[in-house]
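Me: I would like to learn how to read a structure like this one feature at a time, with the general idea given before the particular case. Could we begin with contacts?

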Amino acid sequence: MKDSNNNNSKKRQRKLEDEGAGAEDGDSDKELNNNNNNKKTKNNNTRKKKTTTTKDLKGILSSYILLEEEEKQEQEELDRDAHEERLFIDSNHRKKTKQMVDYYYSNIQDYCTELDQTSRKKSRLSVSVAGAVASAAAAVAASGDEKAVSNLRSESTHRRLWVKDRSNAWWDECNSPDFPEEEFKKAFRMGRATFDSICEELNSVIAKEDTTLRNAIPVKQRVAVCLWRLATGDPLRLVSKRFGLGISTCHKLVLEVCSAIRTVLMPKYLQWPDENAVRKIKEEFESISGIPNVVGSMYTTHIPIIAPKVSVAAYFNRRHTERNQKTSYSITVQGVVDPRGVFSDVCIGWPGSMPDDQVLEKSALYHRANGGLLKGVWIVGNSGYPLLDWVLVPYTHPNLTWPQNAFNEKIGEIQRVAKDAFARLKGRWCCLQKRTEVKLQDLPVVLGACCVLHNICELRNEEIDPEFRFELVDDEMVPEQAVRSNASTKARDAIAHNILHHGIGGTRFV
């Protein structure tokens with residue numbers, strides 16, 4: 001009994017265990033099925049997303065391709081239009097060229113026809129003239145006159161002169177004795193007697209001989225061309241029309257005459273005075289200002305030029321540029337004059353960027369003075385020069401005393417002599433007032449000739465017409481070292497004291 005009961009209980013336990021195991025197997029199968037379903041869902045979603053992305057990329061690529069095709073079409077249309085326009089322009093150009101060629105060809109044919117007719121007429125005329133001359137020569141030869149035969153043969157041969165026919169009626173009128181003196185003086189800045197004197201002195205240097213091709217230009221006309229050019233400053237084109245000469249001929253004449261003036265007349269009319277002349281100059285300057293031992297009044301002016309091709313910065317005039325609000329280039333002319341305004345020394349051609357004291361140091365006068373030429377005498381300058389052993393300048397520091405003010409007033413009177421002389425120089429020769437066509441290397445010759453001609457006019461008392469008076473404007477810059485001689489400082493103070501206390505300074509400061 002007990003054995004049977006144990007067997008039954010064991011069977012029941014086995015059955016329960018089998019049932020539990022089966023339940024566990026069922027749950028595991030369910031979990032597997034769920035996992036498989038989730039994977040399938042995810043795969044489906046991924047496939048959908050890839051499909052959507054592929055569709056978007058295809059749309060973008062198709063739109064990009066369409067845009068490229070549109071751009072290509074537009075570019076092709078533009079190229080087609082440009083090609084058509086180029087063809088149109090080329091066709092028009094060919095048409096116009098053909099018309100011009102046809103026009104000129106027809107004109108040339110007409111001209112050649114006329115030229116042939118003219119040459120035939122000339123040949124017939126020359127044949128008839130030669131026949132007439134031959135018959136006349138035969139008749140004269142029959143009479144036995146050999147000289148007459150040679151004259152006839154020379155008259156029958158004429159050489160063609162390749163000279164352009166120009167009118168010189170204006171110069172012929174000026175050169176006639178009936179031309180008014182005032183008009184002549186206004187045209188050439190001097191009277192006829194002075195003009196003739198210059199022509200006579202230059203005759204041996206500038207006179208030319210006639211040739212078989214052309215007649216030489218007379219000396220008077222050569223001098224007149226130069227003087228007119230210097231006096232008016234007109235362009236060579238206008239000078240050419242005025243005198244009936246070529247432009248290049250006028251340019252050559254101006255340089256030739258200026259060079260002759262510098263060579264022949266400068267040693268005679270522009271030189272440092274001798275001892276007797278120096279004594280008279282001292283007396284005249286002392287009578288003007290009360291300052292003793294003054295032998296000259298010095299001034300430096302600027303001549304405008306066209307911007308040079310080399311060393312442009314050296315010729316740039318900063319002061320004139322700032323004042324005129326226009327870029328200016330210049331060269332300098334330093335001159336010393338006597339009481340009449342006649343130049344006794346000039347220094348020409350240093351660049352316009354140099355101040356007055358540097359120009360003075362570069363001049364031959366400075367080196368001669370340092371060599372002892374101006375020992376014991378004064379040359380008066382403005383505040384742009386330094387005080388040297390031989391250069392006397394005004395006081396420039398502020399708060400001047402009465403003697404110093406009196407000295408500046410008197411030295412200003414001497415300085416005014418030089419400034420007025422330069423004003424007459426520029427007023428008489430207007431080429432110095434404007435930028436000239438003359439090359440930079442030729443300018444010293446032209447400026448030197450102007451100074452010599454100025455001296456001749458001043459010595460012959462040729463008064464300048466009020467119409468040509470010129471107001472001189474040059475900027476003065478006080479040198480960095482204004483006083484360079486202690487002995488001159490004491491001498492200047494003594495002169496200032498004498499001017500005030502000996503009544504020379506007048507009553508203005510007393």
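Reply: A contact means heavy atoms within 4.5 Å. Leaving aside neighbours within four places in sequence, Trp390 is in contact with Leu360, Leu365, Tyr366, Ala369, Asn370, Leu374, Val377, Trp378 and Ile379. Before we go further, note that this is a predicted model, in which local features need pLDDT of at least 70 and side-chain atom pairs count only at pLDDT 80 or more, while totals for chains, interfaces and linings use all residues. Residues are numbered from 1 along each chain as its sequence is written, and side-chain values use heavy atoms, with hydrogens and water left out.

Me: Which residues touch the most other members of the largest nonpolar core?

Reply: A nonpolar core is a set of buried Ala, Val, Leu, Ile, Met, Phe, Trp, Tyr and Cys residues joined through side-chain atoms within 4.5 Å. Buried means under 20% relative accessible area, exposed means over 50%, and partly exposed covers what lies in between, with a 1.4 Å probe and protein chains only. Here the largest core has 100 residues, and Trp390 and Trp429 are the ones that touch the most other members.

Me: What do the totals say about the chain as a whole?

Reply: Helices (H or I, at least four residues) and strands (E, at least two) are DSSP runs, numbered from the N terminus, and by that count the chain has 16 helices and five strands. Of its 510 residues, 35% count as buried. Among contacts between residues at least 6 apart in sequence, 70% join residues at least 24 apart. Accessible areas come from the Shrake-Rupley method with a 1.4 Å probe, and for residues only the protein chains shown count as cover; the chain exposes about 32,100 Å², of which carbon and sulfur atoms supply 52%.

Me: How many salt bridges are found in the whole structure, and how should I read one?

Reply: A salt bridge is a side-chain nitrogen of Lys or Arg within 4 Å of a carboxyl oxygen of Asp or Glu, and the search finds eleven of them. In one, Asp196 pairs with Lys220, with the closest N and O atoms 3.5 Å apart. Asp196 lies in helix H5 (residues 192-206) and Lys220 in helix H6 (residues 219-232), so this pair ties together parts that are 24 residues apart in sequence. Both partners are partly exposed, Asp196 at 28% relative accessibility and Lys220 at 34%.

Me: Where in the chain do the partners Lys268 and Glu201 lie?

Reply: The side chains of Lys268 and Glu201 meet in a salt bridge at 3.1 Å, N to O. This pair links distant parts of the chain, with Lys268 in helix H8 (residues 247-269) and Glu201 in helix H5, 67 residues apart. Lys268 is partly exposed at 48%, and Glu201 is also partly exposed, at 22%.

Me: What does a salt bridge look like when both partners sit in one helix?

Reply: Glu413 and Lys410 meet at 3.7 Å, N to O; being three residues apart in helix H14 (residues 402-428), they are separated by about one helical turn. Glu413 is partly exposed at 22%, whereas Lys410 is buried at 12%. Salt bridges can also be linked, as in the network of Arg424, Arg428 and Glu458.

Me: How do I read the pairing of strands?

Reply: Two strands pair if DSSP finds at least two bridges between them. Strand E2 (residues 329-337) and strand E3 (residues 343-351) run antiparallel and are joined by six bridges, and Gly335 has Val346 in E3 as its bridge partner. Five residues lie between the strands of this hairpin, in which Gly341 takes a positive phi near 90°.

Me: Which residues other than glycine take a positive phi?

Reply: Among them is Arg189, with phi near 65°, in the loop between helix H4 (181-188) and H5; Arg189 counts as buried, at 7% relative accessibility. Another is Ser311, with a positive phi of about 55°, in the loop between strand E1 (294-305) and helix H10 (312-315); Ser311 counts as partly exposed, at 49%.

Me: Finally, what is a nonpolar patch on the surface?

Reply: Patches are made of residues with over 30% relative accessible area and no salt bridge, where like charges are joined within 9 Å and nonpolar side chains (Val, Leu, Ile, Met, Phe, Trp, Tyr) within 5 Å. Leu61, Tyr64 and Ile65 form a nonpolar one, with about 320 Å² of accessible area together. Ile65 lies in helix H1 (residues 2-143) and is partly exposed, with a relative accessible area of 45%.
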